[in-house]
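Biologist: Can you put the model up and take me through the chain and its opening helices?
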Amino acid sequence: MEQNRIKEFVKKYDPSLTRYEAYYYGYLEIADELCSLVLRGEKKATTGLLKSYLLEGEELPREGDYSVILDSREQPRCITRISRVTQVRFSDITEEYARTEGEGDKSLAYWKEAHRQAFGRECREEYGIEFTEDMICVCEEFEVVYAEPFIEEEPSMEEELSTEKAAVIDTMKPEDYEEVRKLWVDTPGMGLNETDDSEEGITAYLKRNPSTCFVARKEGRMVGAILSGHDGRRGFIYHTAVKQTERKQGIGSALVDAALTGLKREEIKKVALVVFRKNQTGDAFWEKQGFALREDLNYRNKALAELVRIDT
């Protein structure tokens, strides 16, 4: 973060202003989108978890506080001033507040799905705890008090492919098979076989594990999937994939959250998975999800039937 550049930006608004926070909204991959919503006057509120402030030992925001909003390159784009701060349970957030926050289609359903993903990721990755909907939200409403003129760049092909709609996480069903298989085959680093991953094989797996396997859809399109199940003692995760043009939006984390929640409901206390050593992207993802690398084990298996492999 270029502190000198931020200070110069603030001086253009008010040379006497010295108390402010500088940050980007959400995670880096969505910072530009949220910043643009603020600059267009569509986003007039932001929400955090009270738990985060308490765990970090940070002061709670107050009416009259200033913030410098950054883009994904950590460049200052505008200055906001808080007009109202309230504390509301996640489950009690209203339609009116969701419209004020101005994200997606501005509906309460979108707000809740997007924030379940964001808060779930934050709780898991930053604090090692589980997000629950009875947690208290710190709701800040603000106004933009300064912004420099800028030319908004045309969206890239990848940005156009990635819609503003939040991915909807749903239980995987046998009728999802064709779309799920195509996703797996199109994803580098997957290890499939023609028996276990056939339609019959996946249908049998879903019959044994009806509430722990999930898909992610955006406007009806399949963009992610995860298989997970258990033997009554340990949980196992297989074939987690997110469409390449839809990554870095929290979809993979949301799928993992759903799977782990499902396994916890069935009183499973520990979960394992296998990642090919050549799949560096996948390995990095699972490390961020908090899955520890066991270097004291040798993994062994034995085929009880002939399996035809499909490595992507």
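This is a predicted model: local features need pLDDT of at least 70, side-chain atom pairs count only at pLDDT 80 or more; totals for chains, interfaces and linings use all residues.
Biologist: How many helices and strands in the protein chain?
Modeller: Ten helices and twelve strands. Helices (H or I, at least four residues) and strands (E, at least two) are DSSP runs, numbered from the N terminus.
Biologist: How much of the chain is buried?
Modeller: Buried residues are 40% of the 312; buried means under 20% relative accessible area, exposed over 50%, partly exposed in between (1.4 Å probe, protein chains only).
Biologist: Which residues of α1 are buried?
Modeller: In α1 (residues 3-13), Ile6, Phe9 and Val10. They lie on the same side of α1 because they cover an arc of only 95° around the axis, taken from the directions from the helix axis to the C-beta atoms.
Biologist: And what sits on the face turned away?
Modeller: Asn4 and Lys12, both exposed.
Biologist: What covers the buried residues of α1?
Modeller: The cover includes β1 (21-23), β3, β4 and β5, with contact meaning heavy atoms within 4.5 Å.
Biologist: Now α2. What do its buried residues pack against?
Modeller: β3 (66-70), β4 (76-89) and β5 (136-147). The buried residues of α2 (residues 31-39) are Ala31, Leu34, Cys35, Ser36, Leu37 and Val38.
Biologist: What follows α2?
Modeller: Gly41, with a positive phi near 80°.

Technical notes:
Residues are numbered from 1 along each chain as its sequence is written. Side-chain values use heavy atoms; hydrogens and water are left out.
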